[in-house]
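Colleague: I am new to this structure and would like to go through it in short questions. Please show it first.

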Amino acid sequence: METKLPHISTPLPGPEAQKILALDKQYVSPSYTRDYPLVAKRGEGAIVEDVDGNLFLDFAAGIAVVSTGHCHPDVVKVIQRQAATLIHMSGTDFYYPALAQLAEKLAQITPGKFPKRVAFGNSGTEAMEAAMKIARYHTGRHRFIAFLGAFHGRTLGSLSLTASKAVQRRGFGPLLSGVVHVPYANPYRCPQGHRAPECACDCICSDLIERQLFKTAVPPEDVAAIVVEPIQGEGGYVVPPPTFLDNLRRIADKYGILLIFDEVQCGMGRTGKMWACDHTGVAPDILVTAKGIASGLPLGVTVARAELMDWGPGAHASTFGGNPVACAAALETIRLLEEKYIDNAARQGDYLMGKLVDWPHKHRIVGQVRGRGLMIGIELVKSQETREPNPEARNRVIERAFQLGLLVLGCGESTIRLMPPLVIDREQADCAVEILDRCTSEAEK
Ligand SMILES: Cc1ncc(COP(=O)(O)O)c(C=O)c1O
């Protein structure tokens, strides 16, 4: 593929795509949410080619997964070499170099200068399950505090923490008991109704959690952990005020509660630093990440203070978790992120934000543009005054952008999320802005 820009040459979906869509419709679980009919064949950098030869600029990155771009040649080489040497052994029962080496690297690059240990799984949800089990096992407490709008996974433990969309929970109860949700610190939609644009949302920590929850429904000595996304992903790309994580850290320390950061979506360099929490200087007791860690191979990790993993052999493990090929891909991904792509995410993110920040003045259906690095949300509203969400316009923009060759996804009730691979250049950023500008103008007519 020579081009870095989209090129659509057939009606969408094209004839080959339609064959796959028919097959998919007959056999694949209808629980998947497909916003538009992209049938991918090949990917390179930030470009995806579909089965009919159409080229798309990918600002979705497989839901924030292909951090180093599609099929980065260095990552492909490492995967091929590892696959030809040892595909599987199981870290549950045996040793192999990549698992221990990756654990060492993760202990070095995660926040907090204390000894750490790493548990391996295959996905974000598994990594979160491990974090919940560590927290319960170590503290002997059973409750968790999580946030409205949070997404932590879809297995029954992590689903109990997830509170992003009702459809994700409907029909699956009863879920884990002991989980309570409080509002997330969203300065654009202050849960207390404050309208100052820079509302610090301190009311959530001091008033809601400490003064109300702990004195009425949730004894703090029953709480194993507070679980939070440093930037809320699925819930709408919400960046909390800078004091939010600090306040949670203070409460956790005061009551002997563990603080778990879910960096599954916002981690691995996406925000222009390795971890979203690096923007605040607050370190968690347990950090969970997945998605961008291995450029597309399945891997989820739970990095905890060493003393928290006081469980013994047999208490927790996974047959596939930390598979040698995935670990090798992760080591190479981290090398590339550290070498150049985290810096690129910061640079291109600033550039994109510079172009988008004014959109609430330019487009009357844009309520707010927010984000860090290459994690940017554009929230669409029916009225800037009432801030009523506008999911219909958001969906129209996403669908139309696809027709014009740009892949984006939604999040929250009416936000468009931009989460391209961290390899994009200025020309691609310009192209995405141009397409979105056109689609947004059309949607507000
Ligand atoms: C913040 C966050 N945590 C956890 C998960 C679950 O990850 P997975 O789909 O790999 O299980 C996701 C997935 O979108 C996520 O965004």
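Colleague: How do the residues of the shell around the ligand divide into nonpolar, polar and charged?

Modeller: This is a predicted model. Around the ligand there are 15 residues, and Ser 123, Gly 124, Thr 125, Val 264 and Gln 265 come nearest. By class, the shell divides into five nonpolar, seven polar and three charged residues.

Colleague: Which helix gives the most to the shell around the ligand?

Modeller: Gly 124 and Thr 125 are among the residues that come nearest to the ligand. The helix that gives the most to the shell spans residues 124-139 and supplies three residues; it is α5.

Colleague: Which element gives the most to the side of domain 1 that touches domain 2?

Modeller: The domain assignment gives domain 1 as 15-72 + 340-443 and domain 2 as 74-337. The contact between them takes 34 residues from domain 1 and 30 residues from domain 2. Among the elements that give two or more residues to the domain 1 side are β11 (366-372), β12 (375-380) and α9 (324-356). With six residues, the element that gives the most is α9.

Colleague: Is Tyr 255 buried, partly exposed or exposed?

Modeller: Tyr 255 is found in helix α8, residues 243-255. Beyond its neighbours within four places in sequence, Tyr 255 is in contact with Pro 220, Glu 221 and Val 223. A residue counts as buried with 20 or more other C-beta atoms within 10 Å and as exposed with 12 or fewer. Tyr 255 has 16, so this residue is partly exposed.

Technical notes. Residues numbered from 1 in each chain as written. Predicted model: local features only at pLDDT ≥ 70, side-chain atom pairs only at ≥ 80, totals over all residues. Domains from an automatic or database assignment. Contact = placed C-beta atoms within 7 Å. Helix = DSSP H or I, 4+ residues; strand = E, 2+ residues; numbered from the N terminus. Near = placed C-beta within 6 Å. Nonpolar A, V, L, I, M, F, W, Y, C, P; charged D, E, K, R; others polar.
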